[in-house]
Amino acid sequence: QVQLVESGGGLVQAGGSLRLSCAASGTTFSRNRMGWYRQAPGKQRELVATITSGGAAVYADSVRGRFTISRNNARNTMYLQMNSLEPEDTAVYYCILYANRNYWGQGTQVTVSS
């Protein structure tokens, strides 16, 4: 059974940084494309970034240049380094593993104060 567990969220001031982690189990992690989504209150869930099994990354325009997605296949873990955070980045962040069906983590709250 595939499980994804996010961690690393919290409260930070604007301009600060956070690093999110997504630990995967129950799957051959290294073969799967993975990604991060976020959902702010009252808004639809939106894509933040994705990363292929080989490490190729794609970013949403709103985070490009500030966020960096990475993965450590040996540790079955994906990361999202978030720098220069803005209040508009406040959301619940979810990791996703793309497979025959998609798997989601439970989410981790990121709150950026102005």
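By the ring-centre rule, the count comes to two aromatic pairs. This is a predicted model, and I will start with those rings.

Tyr37 and Trp104 make an edge-to-face pair, with 5.1 Å centre to centre and 65° between the planes. That pair links distant parts of the chain, since Tyr37 is in strand β4, residues 34-39, and Trp104 is in strand β10, residues 103-104, 67 residues apart. The rings of Tyr94 and Trp104 have centres 6.4 Å apart and planes at 85°; an angle over 60 counts as edge-to-face, so this pair is edge-to-face. Tyr94 lies in strand β9, residues 91-97, ten residues apart from Trp104. Together, ring pairs link Tyr37, Tyr94 and Trp104 into a cluster.

Is Tyr94 buried or exposed? Tyr94 has a relative accessible area of 14%, so it is buried. Trp104, at 37% relative accessibility, counts as partly exposed.

Next, charges over rings. Arg45 lies over the face of Trp104, 4.6 Å from the ring centre. The charged end of Arg33 sits over the ring of Tyr98, at 3.9 Å from its centre.

Now the sheet. Four strands form an open sheet in the order β1-β3-β8-β7, with antiparallel pairing. Its edge strands are β1, residues 3-7, and β7, each pairing on one side only. Neighbouring strands are turned by 15° against each other on average, ignoring direction.

Arg71 stands opposite Met78 in β8. The covered face of β7 carries Phe67, Ile69 and Arg71; Thr68, Ser70 and Asn72 are on the uncovered one. Four residues separate the strands of the β7 and β8 hairpin, where Asn76 takes a positive phi near 55°.

Key. Residues are numbered from 1 along each chain as its sequence is written. This is a predicted model: local features need pLDDT of at least 70, side-chain atom pairs count only at pLDDT 80 or more; totals for chains, interfaces and linings use all residues. Side-chain values use heavy atoms; hydrogens and water are left out. Buried means under 20% relative accessible area, exposed over 50%, partly exposed in between (1.4 Å probe, protein chains only). Helices (H or I, at least four residues) and strands (E, at least two) are DSSP runs, numbered from the N terminus. Two strands pair if DSSP finds at least two bridges between them. Axes are lines fitted to C-alpha atoms, for helices over the stretch in contact, and angles run from 0 to 180 degrees between N-to-C directions. Rings of Phe, Tyr and Trp (its six-membered ring) pair if their centres lie within 6.5 Å; planes under 30 degrees apart count as stacked, over 60 as edge-to-face and the rest as tilted. A charge sits over a ring if NZ of Lys or CZ of Arg is within 6 Å of the ring centre and within 35 degrees of the ring normal.
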